Every structure is written in structure tokens, then in C-alpha cells.
Amino acid sequence: MAQLSYREAVARGIAQEMARDERVVLIGEDVAGAGGVFKTTGGLLDRFGPRRVIDTPIAEQAILGAAMGAAMTGLRPVAEIMFSDFFAVCWDLVVNEMAKTRYMTDGQVTLPLVVKSGNGGGLRFGAQHSQSIENWAMAVPGLKVVTPSTPEDVVGLMAAAVRSDDPVLFFEHKGLYSSKADVPEGEIVDELGTAKVRRPGRDATVLALGLMVPRALAAAEALAARGIDVEVVDVRSLVPLDTATILASVGRTGRLFTVEENPRLLGWGAEIVSIVGEEAFWDLDGPIVRITTPHVPLPSADSLEDLVLPSAERIEQEIAKALGE
Amino acid sequence: MRVPLEEHRYGDHPVVLPPEDPTALDGADVSRETRLRLYRLLQELRQFEKRAYDLFMQGLVKGTSHLSLGMEAVAAGFGAAMREDDYTFATYRGHAHTLARGVPMEPVLAELLGRANGLMSGKGGSMHLTSVEHGVMGSYAIIGAHLTIANGAAWSAQYRGSGQVAVCFFGDGTTNIGAFHEALNYAAVFALPVVFVCENNLYMEYTAIRDITAVERPAADRASAYGLEPVAVDGNDADACYLAATDALEHARSGKGPVLVEALTYRHGGHSRADPGKYKPPGELEAWLAYDPLTVYRGRLERLGVATEDIEPIDREVAAAVDTATEAAKAGPLPDPGSAFTDVYADGGHSWRN
């Protein structure tokens with residue numbers, strides 16, 4: 001067991017899969033020589049060579065097209081889109097090509113590829129380098145959407161994403177890159193479509209994703225000191241979505257809070273709330289509360305970004321208020 | 001055979017024609033067997049699409065359609081020159097490119113008719129023809145992206161050392177899309193075994209390409225900007241296309257990197273089913289009909305002494321095959337309703353919940 005940062009975990013996960021399967025290759029802007037603008041691919045070029053770890057031009061369509069064409073003809077590529085905001089310049093490839101090809105070809109074409117990307121805010125990068133776009137992707141049939149919150153999950157879910165025969169969008173949270181945790185030695189392989197109860201609790205279920213997971217956990221500790229015992233569930237995977245774990249948790253606690261970094265309108269929490277409303281309404285003891293970023297682009301200044309992104313304190317306050325404290 | 005640009009007369013008259021000497025390639029190094037194959041392919045593509053048009057007019061094919069009547073020589077030339085395991089990437093105007101790789105007519109017609117015996121069991125339609133077993137890696141209905149995807153297949157072939165080449169067809173309109181430019185640079189930088197084939201049929205949908213493009217040859221004139229040699233070819237002469245294809249494929253396969261070929265041709269009809277093509281200048285269609293790929297090729301075979309009794313059976317055999325395929329396609333059942341819910345994900349289903 002050794003401490004590993006979230007950013008190191010990305011490289012470890014990719015290395016684990018490249019070592020076991022020659023078909024796994026990595027492309028992206030600055031991923032090779034520079035080891036990634038976020039240093040998430042450091043050491044891979046040295047270990048696997050320029051045939052398998054490739055620096056590309058700034059050309060997001062060309063990158064995703066290359067990944068897709070390679071995936072449909074025998075490779076298992078991992079492509080990096082540096083900031084998830086940049087998906088907007090190659091969205092055609094993601095939603096019209098990758099997502100629909102298996103269906104339109106009646107199963108003739110399989111696309112085992114991963115698109116990894118730095119997602120989310122908190123680093124004062126402003127509105128074009130801070131978005132949480134996982135809900136864009138979630139709305140399109142044919143994609144899988146994953147967001148790990150811990151180094152161990154990064155390794156295991158990356159392995160699962162690489163081994164998946166579907167196109168997987170792997171959203172790393174930029175605000176978590178420097179976070180560290182113990183990660184077991186040896187091969188780690190997780191499972192897509194599984195949520196994890198990070199902290200059991202009796203009084204309410206709190207669903208969170210990415211950076212919001214540690215913030216929800218911090219809020220839970222503060223709430224515990226106030227006598228409120230909340231269960232924190234790390235959603236981890238939006239597609240497939242582990243509704244069984246979510247519904248079971250709501251069944252135990254009777255209250256639901258979602259903590260989302262998306263702008264509020266049509267964030268992923270809205271879909272989960274809808275499922276709970278349809279399928280677990282009678283388990284609920286009170287209104288569902290969505291804690292989100294408001295419907296604004298992310299501002300750059302420290303004070304403003306902190307104001308709009310859900311903080312541990314805001315999560316704590318909203319939960320305490322809704323539970324009638 | 002690469003036709004040097006300076007010798008290739010596009011002209012600047014509103015009625016633009018390829019070189020007018022139809023005998024120019026009579027002596028080219030193409031075997032009689034290959035020529036008869038090319039002629040059969042031209043007939044298959046022509047007769048198939050005429051039948052597809054009839055089926056549209058009868059209301060049996062729904063949605064839209066994009067025919068390539070008049071443009072058959074490009075698909076035939078490349079189809080005849082490609083190795084069996086090479087990859088084809090086509091656009092929504094992809095019937096000919098699909099058939100030219102040996103995909104049988106019946107499943108293609110059945111796909112147009114929305115039947116279970118269709119190439120994609122009715123889930124793709126005219127604009128998405130795909131047959132992986134024939135190397136037809138898809139027909140892409142939003143132009144541009146598929147050039148980048150062809151790069152990926154070429155990269156994979158290069159990585160695996162398979163010697164395969166990806167051939168990517170697109171129209172003149174595609175040359176103004178960003179992905180075209182990203183793809184050319186990317187392919188050249190990594191010396192990918194890919195051949196980009198621009199079928200310049202003079203029209204970007206309803207608009208003349210020359211009206212919305214600042215260079216005369218929308219593909220070839222831009223090649224050098226990406227480090228590629230410009231290649232222009234008479235897209236109505238199947239021998240010219242075959243020779244250009246042979247040369248381009250050899251270049252790409254031998255590791256020398258990508259090739260960009262611009263084939264000048266002409267779309268007899270409109271952009272799609274909904275377009276009668278009324279924007280075409282008077283006399284243009286007639287002038288090009290006189291240079292129709294089938295006329296050009298039949299004339300060559302006759303000049304080279306191929307007997308009528310060797311040519312006409314081909315016409316009749318193809319006509320019979322189209323009739324047979326039409327009847328079989330029409331007789332196909334409607335797709336199983338359950339198939340609407342399959343193959344969204346690799347587990348075969350569409351469930352997004354665990």
C-alpha cells in the first residue's frame with residue numbers, strides 16, 4: 001500500500017492496461033513528451049515508447065477520429081481531450097459518430113475506446129476551462145460516462161474503461177488531481193456502473209460525484225458533530241447508472257440530497273431525482289433537495305468561483321436546514 | 001496515373017468539362033480483364049441507382065436519398081484497385097462505394113426499403129451503409145468527421161503492420177469543413193496509409209462549389225499546404241480513376257504517407273431526393289451527359305476491339321441481377337420490433353441502468 005495522487009493514479013491505470021495489452025495506445029495534446037498538461041500521463045512515453053504514446057496536433061476532431069477509426073479496426077485507444085470544455089469542438093465525433101455507430105451498423109462495429117479529460121472547476125480557470133460537462137454526455141445513447149473521486153477508483157475505473165467494448169468518457173476532476181490516498185499494489189480492476197457508499201448513515205442519502213464527493217464527506221463529518229448522520233454515496237458512473245445502490249440507500253434513509261457541480265438546469269441529479277420520484281416515492285420522508293452550481297458560467301475570481309460551486313459548508317447548511325435543524 | 005495539374009483542363013467556362021479527348025487513355029496499361037470488370041462495375045452502380053431512384057418515386061424508399069448517377073467511374077476505379085482487406089469510408093452518397101467493394105445488391109436495396117434483410121437490418125438506412133466484412137467501414141452522414149476516422153483506421157493498419165490502406169471518399173463541399181483540414185495535417189504528420197478522394201461534382205448540395213470556395217480546385221489546390229502532392233484526375237474516366245487509385249494505394253501502402261486525389265466529375269441529379277437541381281446552368285447537364293462515364297467506357301472498349309457479344313451480356317446480366325435483388329429486397333420482412341432496442345451498447349442492449 002502506497003500513497004498515490006489522483007494524477008499519478010491516471011498514469012498508473014493507463015500503464016497497467018498498456019502493459020497487459022499491446023492494443024492499448026494513448027494519444028492527445030502534450031500527453032507524451034510533456035507527460036500531460038496536468039501530468040496525468042507522466043512516464044508513459046519512457047515506458048511504452050513513441051509508437052504507443054503519441055503527441056498530437058491541437059486538433060480535437062482529428063484526435064477523436066483517430067481514436068474511433070483505430071478502435072473499429074483492432075486497437076483499444078485512450079485519447080485525451082485536455083480540458084473537457086474542448087469536447088465542444090469535437091462533439092460531432094462524440095455524439096454523432098462514437099455514440100451511434102454500433103447501433104446504426106446493427107452491431108457490426110465495436111468501439112473499445114476511452115476519451116479521458118480534465119473536467120470541473122475550482123482552479124480559477126474561468127468559464128471556458130472549468131465546466132462540468134458529464135451531463136451533456138449522459139444524455140446521448142451509446143456512451144458510457146465515468147467520474148472517479150479517489151486515486152484507487154481512478155486506477156480501477158480506468159482499467160474497466162479500457163476493457164469496456166463501448167466508448168467511455170472518463171472525466172477526471174481537475175480539482176482532485178493533487179489529492180492523495182493509499183492505493184493497493186498490484187492490478188486493480190473496478191466495474192463500470194457501480195456506485196459506492198463512502199460513508200454509511202441513517203438520516204439522509206447524499207449523492208455526489210467527483211470533487212463533490214470529498215466536499216459531501218466533509219459536510220457529513222460536520223453534520224455528525226451536529227447529531228445528523230448522513231450516508232454519502234459516490235455515484236462514480238452516470239452511464240451505466242447504479243440505481244440499485246441509490247434506491248437502496250434512499251430506502252434506508254428516507255431522504256435524498258444530490259450535490260452537483262453542473263449548472264442546475266438538467267444536471268445529472270435531475271435524472272436521479274426523477275427516478276427516485278417514480279420508483280421510491282413512498283420511501284421518502286420529505287422533499288428531495290438538489291444542491292448545485294447555479295445556472296451561471298463559472299467565474300474566475302476566487303471569491304466568485306467559491307460562491308457558486310457547492311462548498312462543504314453550503315452542503316452542510318442546506319442539509320441541516322432541510323432536515324429541520 | 002497522376003494527371004499533372006498543368007495538363008488538367010478544368011477551364012473557367014460555366015460549363016466545366018474534363019479533358020475532351022476520350023481516346024487519351026486507350027493505350028493505358030490496363031488489362032482487358034480489368035477493363036471488363038470496370039465496365040461491369042459501372043453498369044452495376046448505374047443500374048442499381050436507377051432502380052433505387054424508381055423505388056423512391058414509388059414511395060417504397062422513405063426518408064431521403066443521395067444518388068451518384070454520373071459519378072460511377074470514381075467508385076468503380078477505386079473499387080477495382082483496392083485490396084480485399086482495404087478500408088472504405090464513404091459519405092451519405094455512398095451506395096456506389098459500398099457496392100464497388102463487392103457488397104451484394106439485395107441487402108443494400110433491402111436496407112433502403114427498411115427491411116429485416118437489409119445490410120443493417122433497417123437500422124442504418126441509405127446514408128449509413130456499412131459492411132465490415134467487405135471493408136466498408138461506414139457511410140457518414142455528417143461530412144468531414146469521417147476523414148479523421150479513416151485516419152484512425154490507417155493508424156491501426158500502420159500499427160498492426162497489416163499493409164491495409166484506408167480510402168476515404170468525400171465531396172467538394174467537405175473541403176470547407178474544419179475536419180478536412182485537421183485530417184490532412186494529421187495524416188501527413190504521421191505518414192498514415194490513407195487515400196483521401198474528393199469527388200468534385202461541382203456542387204456543394206445546392207450551391208456551385210466555385211461560388212463558395214476561393215480556390216479553383218477545392219481539394220487539389222490545398223494539398224501542398226499540408227505537405228501532400230496534388231493529384232487531379234478525370235473522374236468520368238474509369239481507367240483514369242483506376243490508374244490514379246493504383247498509384248495512390250501503392251504510395252500509401254509503401255509507407256510514403258497519405259495521398260489526396262481530386263476527381264472531377266458531375267452529379268447528374270440534384271443533391272438529394274428533394275432537389276430537382278434547377279440551379280444548374282442551361283446546357284451543363286447535356287454537356288456532361290455526352291461525357292457520361294458509361295459512354296466514355298463503352299466507347300473505349302469498342303475502339304479497343306472488344307466484341308459487342310462480350311459487352312452486351314454484361315448489361316443484361318446486371319439488369320437481371322438488379323431485378324432479382326429488387327424482388328428479394330421487397331419480399332423481405334419488416335424488422336423485428338425488438339431490434340429497435342438492440343446494440344446501443346456492446347452487451348447488445350440499450351440499458352443505461354445497472
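**Packing in the two chains of a predicted model**

B:H268 touches B:R46, B:L69, B:G70, B:K280, B:L285, B:L289 and B:D292, leaving aside residues up to four places away in sequence, where contact means heavy atoms within 4.5 Å. This is a predicted model, in which local features need pLDDT of at least 70, side-chain atom pairs count only at pLDDT 80 or more, and totals for chains, interfaces and linings use all residues. Residues are numbered from 1 along each chain as its sequence is written, chains are lettered from A and ligands numbered from 1 in the order in which they are written, and side-chain values use heavy atoms, with hydrogens and water left out. The loop that holds B:H268 runs between β8 (259-264) and α9 (284-289) of chain B; helices (H or I, at least four residues) and strands (E, at least two) are DSSP runs, numbered from the N terminus. With a relative accessible area of 16%, B:H268 is buried (buried means under 20% relative accessible area, exposed over 50%, partly exposed in between, with a 1.4 Å probe and protein chains only).

Chain B as a whole contains 11 helices and 8 strands. Its radius of gyration is 20 Å, close to the 20 Å that the globule rule gives for 354 residues, so chain B is as compact as a globular protein of that length; the radius is taken over C-alpha atoms, and the rule is 2.2 Å times the number of residues to the power 0.38. Along the principal axes, the C-alpha atoms of chain B fill a box of roughly 60 × 50 × 40 Å. Of the 354 residues, 59% count as buried.

Two helix pairs in chain B share α4(B). Helix α4 (residues 105-112) of chain B packs with helix α11 (residues 308-331) of chain B at an angle of about 45°, their axes lying 8 Å apart. Axes are lines fitted to C-alpha atoms, for helices over the stretch in contact, and angles run from 0 to 180 degrees between N-to-C directions. The pair α4(B) and α11(B) is therefore oblique, given that angles under 35 degrees count as roughly parallel, over 145 as roughly antiparallel, 65 to 115 as roughly perpendicular and the rest as oblique. On the α4(B) side, B:M105, B:E106, B:L109 and B:A110 take part, meeting residues of α11(B) that include B:V318, B:A321 and B:V322.

In helix α4 (residues 91-104) of chain A, 10 of the 14 residues are buried, so the helix is largely enclosed by the rest of the structure. Among the buried residues of α4(A) are A:D92, A:L93, A:E97 and A:R102. The surroundings come from both chains: the buried residues of α4(A) pack against α3 (60-71), β5 (114-119) and β7 (168-173) of chain A, together with β2 (136-140) and α5 (145-160) of chain B. After α4(A) comes A:D106, with a positive phi near 55°.
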